[in-house]
Amino acid sequence: AKARAIVYANLYPLLKITFEEATGQILRAGLKVQLEVEISFHEAYGYSLIVRDIDPAYTLGSLAQRRREILQQLEQEGVLEMNKSLVLPRPLQRIAVISSATAAGYGDFCQQLDHNLQGYAFRHQLFPAIMQGESAARSIIHALDSIAAEQDCWDAVVIIRGGGAVSDLAGFEDYELAANCAQFPLPIIVGIGHDRDTTVLDFVAHTSQKTPTAVAAFLIDRMDAEVRMLSNYERISQLAVRLLDQRNGQVVQMEQGLRMALRHYQQNLHYRLDVLERAVNHYNPANILRLGYSITRINGRAVTTASALKHGDIIITQFADGTAQSEIKEE
């Protein structure tokens with residue numbers, strides 16, 4: 001069933017201004033609206049609805065619902081967090097930018113990035129796209145395709161658009177665009193609109209900043225962190241060198257101490273060996289024999305007592321200068 005609705009020319013401008021100020025959306029085809037109407041039947045023109053008022057709150061609810069549906073669909077497909085899970089390269093210097101070449105936001109972004117106080121060098125290239133209107137989503141997807149074809153040349157993608165009417169951001173509330181960003185192989189950083197503006201891309205991109213200049217500040221801050229980290233590495237390296245020098249000095253001292261201890265130990269061993277050698281020499285039978293003593297043996301065994309001998313035994317007596325053989329005649 002269809003019904004023709006009529007807005008009188010004197011009322012339409014007022015309704016249009018009221019609606020767009022409240023919703024931030026241009027009153028256009030495709031929007032869901034709630035109207036207050038008066039039923040009219042004319043003999044010539046038939047049944048019509050005469051529009052008396054419009055309810056912006058209903059359309060705002062519809063837009064929010066559409067965004068929820070897009071995010072829910074992406075979550076069900078398992079791609080909502082894919083871009084967020086990517087790791088930002090280090091350093092983050094090669095930036096593919098999607099924006100309008102004439103946009104003030106793009107100019108502000110380049111100005112802040114190229115003239116940063118720290119003097120960091122960034123390489124960035126514009127992939128131009130239409131950033132508002134019904135063709136915005138398709139244009140941005142085309143730019144993403146161009147970047148994907150040479151993705152090894154870039155560290156990240158930046159999508160930026162300056163402020164304006166909230167209605168100008170309707171092109172970013174698009175499922176196909178959100179799905180492309182969510183599954184893009186490079187991290188995507190967005191800075192769209194004013195501080196108060198939020199689009200579906202803010203929920204699927206790797207990093208969301210409020211404005212183009214905030215994106216530039218984010219990139220500069222990343223380089224600051226990189227420099228601090230490198231400075232820490234340098235300090236750690238210097239500390240490691242000093243520590244190694246100290247350890248090397250300690251090793252040299254330990255080596256010298258070990259060498260000295262080894263020399264003392266060797267000298268002590270030589271001294272003890274000398275003492276033992278003198279003791280052995282002192283008890284050497286040859287030395288005892290030179291003192292006038294002798295050793296008596298029978299059958300090669302030493303005789304220590306006279307009772308061990310008997311008549312007829314042949315004994316050998318060893319002196320310092322030789323031996324003598326004897327026979328026992330009396331016990």
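User: How many helices and how many strands does the protein chain have in this predicted model?
Analyst: In this predicted model, the secondary structure of the protein chain includes both kinds of element, helices as well as strands. The count comes to eight helices and twelve strands.

User: Is the protein chain more spread out or less spread out than a compact globule?
Analyst: Along the principal axes, the C-alpha atoms of the protein chain fill a box of roughly 180 × 50 × 35 Å. The globule rule gives 20 Å for 331 residues, and the radius of gyration of the protein chain, 52 Å, is well over that value, so the chain is more spread out than a compact globule.

User: Which strands stand at the edges of the open sheet of three strands?
Analyst: The order in this open sheet is E1-E3-E2, and the pairing is mixed. Two of the strands have a single partner strand each, so one side of each is left without a neighbour in the sheet, and these edge strands are E1 (5–6) and E2 (35–42).

User: Which residue in E3 does Ala5 stand opposite?
Analyst: Strand E1 pairs with strand E3, residues 46–54, in the parallel sense and over two bridges. Within E3, the residue that stands opposite Ala5 is Leu49.

User: How wide an arc around the axis of H3 do its buried residues cover?
Analyst: Helix H3, which spans residues 104–114, has Gly105, Tyr106, Phe109, Cys110 and Leu113 as buried residues. They are put on the same side of H3 because the arc they cover around the axis is only 135°.

Technical notes: Residues are numbered from 1 along each chain as its sequence is written. This is a predicted model: local features need pLDDT of at least 70, side-chain atom pairs count only at pLDDT 80 or more; totals for chains, interfaces and linings use all residues. Side-chain values use heavy atoms; hydrogens and water are left out. Two strands pair if DSSP finds at least two bridges between them. Helices (H or I, at least four residues) and strands (E, at least two) are DSSP runs, numbered from the N terminus. Buried means under 20% relative accessible area, exposed over 50%, partly exposed in between (1.4 Å probe, protein chains only). The arc is that of the directions from the helix axis to the C-beta atoms. The radius of gyration is taken over C-alpha atoms; the globule rule is 2.2 Å times the number of residues to the power 0.38.
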